[in-house]
Amino acid sequence: TFDGPARGVRCAEAIRDILAAAIVQGGSTLRDFIAVNGQSGYFQQTYFVYDRAGVPCRNCGTPVRQIKQGQRSTFYCAVCQR
């Protein structure tokens, strides 16, 4: 159901929390990215579905699915992300 502005506020708060956590952990390293200090970010180790096709969802245990759209991959849990 749509709950209007309250949903937008919750979403904005969640985005701020996730971005803050990513910064604390050094950001997200995708494939071969290395920061100027020579280190990779560690936030990607907390991802629930990205690049985890076939691996159990960290929330419910259902294997993560992958589909290709254009030249891009989308990863999702069929139970948690409807």
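This is a predicted model: local features need pLDDT of at least 70, side-chain atom pairs count only at pLDDT 80 or more; totals for chains, interfaces and linings use all residues.
## The hairpin of β1 and β2

In the hairpin formed by β1 and β2, 2 residues lie between the strands, and G70 takes a positive phi near 65°. The two strands run antiparallel, and 5 bridges join β1 to β2, which covers residues 72–76; strands are said to pair if DSSP finds at least two bridges between them.

Residues are numbered from 1 along each chain as its sequence is written, and side-chain values use heavy atoms, with hydrogens and water left out.

## The overall layout

The protein has 1 helix and 2 strands, and along the sequence these follow the pattern α-β-β; helices (H or I, at least four residues) and strands (E, at least two) are DSSP runs, numbered from the N terminus. Of the contacts in the protein with a separation of 6 or more, 9% are accounted for by residues 24 or more positions apart, where contact means heavy atoms within 4.5 Å.

The accessible surface of the protein comes to about 6500 Å², and carbon and sulfur atoms hold 57% of that surface; these areas come from the Shrake-Rupley method with a 1.4 Å probe, and for residues only the protein chains shown count as cover. Buried residues make up 16% of the 82 residues in the protein, with buried meaning under 20% relative accessible area, exposed over 50%, and partly exposed in between (1.4 Å probe, protein chains only).

## The nonpolar core and its cysteines

The largest nonpolar core has 5 residues, namely V49, C57, V64, F75 and C77. Such a core is a set of buried Ala, Val, Leu, Ile, Met, Phe, Trp, Tyr and Cys residues joined through side-chain atoms within 4.5 Å. In soluble globular proteins, nonpolar side chains tend to be buried together.

C57 is buried, because its relative accessible area is 6%, and, not counting residues up to four places away in sequence, C57 touches T62, V64, C77 and C80. A search of the whole structure finds 0 disulfides, a disulfide being a pair of cysteine sulfur atoms within 2.5 Å. C57 is accordingly in no disulfide, and the nearest cysteine sulfur, that of C77, is 3.8 Å away.

## R52 and P56 in the loop

R52 is found in the loop between α1 (5–24) and β1 (65–69), and P56 lies in the loop between α1 and β1 as well. R52 counts as buried because its relative accessible area is 14%, whereas P56 is partly exposed, with a relative accessible area of 46%. The side chain of R52 reaches the backbone oxygen of P56 at 3.5 Å.

P56 and C77 are 21 residues apart in sequence, and from C-alpha to C-alpha they are 8.8 Å apart in space.

Conventions. A polar contact is a pair of N or O atoms within 3.5 Å; within protein, one must be able to donate a hydrogen and the other to accept it, and residues adjacent in sequence count only if both atoms are side-chain atoms.
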